[in-house]
Amino acid sequence: MTESTIAALTRRIEVLEAEAEIRRIQARYLFLCDTPCPEFGVRDDAERIDRIIELYAPDAVWEGVGEHYDGQFGRAEGHAAIRAHFERFWSRDPALVLNAHYLTSEQIRVDGDEATGLWIHLQPWLFADGSGVLRSSRLNNAFRRDPDGWKITRTRTENVLIAPLPPRFATDHPTASVLLDP
């Protein structure tokens, strides 16, 4: 094999490895956002938020954009503001008792130490008072490879649809996740 062939193959492997890591980070983020939180050992929402913040670069931005999300979610810049956003999210009244993310239509583009990812997700939200909504959003996220690995630098979400669910839509859902308990 020539040096140029080896260099080209090395670049291709680096892109594939970056895509895989970005996919893992995005999946872990949504997994941590699910309610009840399925990650083993997460004792409460404060610890869940700590683990979410670890996925973000210090200068990251989390924002809702477009007709519906602009006013609802706004923009949070930096770890402290993103943390405050999630603290508000899990302290809402009525309390969120179920939230599950279903992710699809993935498009990841890697350019050296930066990358973008586009997805669509669907998620049911069920609240303690029996109400619920079905949400779908487009995600336009950005990532950067830092010395300690890939980090999220932007989470940008835009509403696709919000549909109210009938009262007491789900007849059975867990109050805690035990999926990953040893």
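## Briefing: a buried asparagine, the nonpolar core and charged pairs

Asn141 is a residue of strand 6, and in this predicted model Asn141 counts as buried because its relative accessibility is 0%, where buried means under 20%. The largest nonpolar core has 34 residues, and the structure also holds 15 salt bridges.

**Surroundings of Asn141**

- The side chain of Asn141 makes a polar contact of 3.0 Å with the side chain of Gln26, and the Asn141 side chain also reaches the backbone nitrogen of Arg156 at 3.1 Å.
- When neighbours within four places in sequence are left aside, the residues in contact with Asn141 are Gln26, Ala115, Thr116, Gly117, Trp119, Arg154, Thr155 and Arg156.

**Nonpolar core**

- Within the largest nonpolar core, which has 34 residues, those with the most contacts inside it are Tyr29, Tyr56 and Phe86.
- Two or more residues of this core come from each of helix 1, helix 2, strand 1 (56–65), helix 3 (66–73), helix 4, strand 5 (114–127), strand 6 (132–146) and strand 7, and helix 1 provides the largest share, seven residues.
- Tyr29, not counting residues up to four places away in sequence, touches Ile52, Leu55, Tyr56, Trp62, Phe86, Ile152 and Thr155.
- As general background, nonpolar side chains tend to be buried together in soluble globular proteins.

**Salt bridges**

- Glu47 and Arg51 form a salt bridge through their side chains, with an N to O distance of 2.8 Å, and both residues are buried.
- Because Glu47 and Arg51 are four residues apart in helix 2, about one helical turn separates them.
- Asp148 and Lys151 are joined by a side-chain salt bridge at 4.0 Å, N to O; Asp148 is exposed, with a relative accessible area of 61%, whereas Lys151 is buried, with a relative accessible area of 15%.
- One network, made by salt bridges that share partners, joins Arg28, Glu39, Arg43, Glu47 and Arg51.
- In the salt bridge between Glu77 and Arg75, the closest N and O atoms are 3.3 Å apart; Glu77 is exposed at a relative accessible area of 53%, and Arg75 counts as exposed at 52% relative accessibility.

**Backbone features**

- The peptide bond from Thr35 to Pro36 is cis, with omega near -5°, and Pro36 is placed in the loop between helix 1 and helix 2 (45–53).
- Asp93 and Pro94 are also joined by a cis peptide bond, for which omega is about 5°, and Pro94 is found in the loop between helix 4 (79–90) and strand 3 (96–99).
- Ser105, although not a glycine, has a positive phi of about 55°; Ser105 belongs to strand 4 (residues 102–111) and is partly exposed, with a relative accessible area of 41%.
- Arg168 is likewise not a glycine and has a positive phi of about 55°, but Arg168 lies in the segment after strand 7 (149–164) and is exposed, with a relative accessible area of 55%.

**Nonpolar surface patch**

- Met1, Ile6 and Leu9 make a nonpolar surface patch of about 330 Å².
- Leu9, one of these residues, is found in helix 1 (residues 3–33) and counts as partly exposed at 34% relative accessibility.

Note on methods. Residues are numbered from 1 along each chain as its sequence is written. This is a predicted model: local features need pLDDT of at least 70, side-chain atom pairs count only at pLDDT 80 or more; totals for chains, interfaces and linings use all residues. Side-chain values use heavy atoms; hydrogens and water are left out. Patches are made of residues with over 30% relative accessible area and no salt bridge: like charges are joined within 9 Å, nonpolar side chains (Val, Leu, Ile, Met, Phe, Trp, Tyr) within 5 Å. Accessible areas come from the Shrake-Rupley method with a 1.4 Å probe; for residues, only the protein chains shown count as cover. Buried means under 20% relative accessible area, exposed over 50%, partly exposed in between (1.4 Å probe, protein chains only). A nonpolar core is a set of buried Ala, Val, Leu, Ile, Met, Phe, Trp, Tyr and Cys residues joined through side-chain atoms within 4.5 Å. Contact means heavy atoms within 4.5 Å. A polar contact is a pair of N or O atoms within 3.5 Å; within protein, one must be able to donate a hydrogen and the other to accept it, and residues adjacent in sequence count only if both atoms are side-chain atoms.
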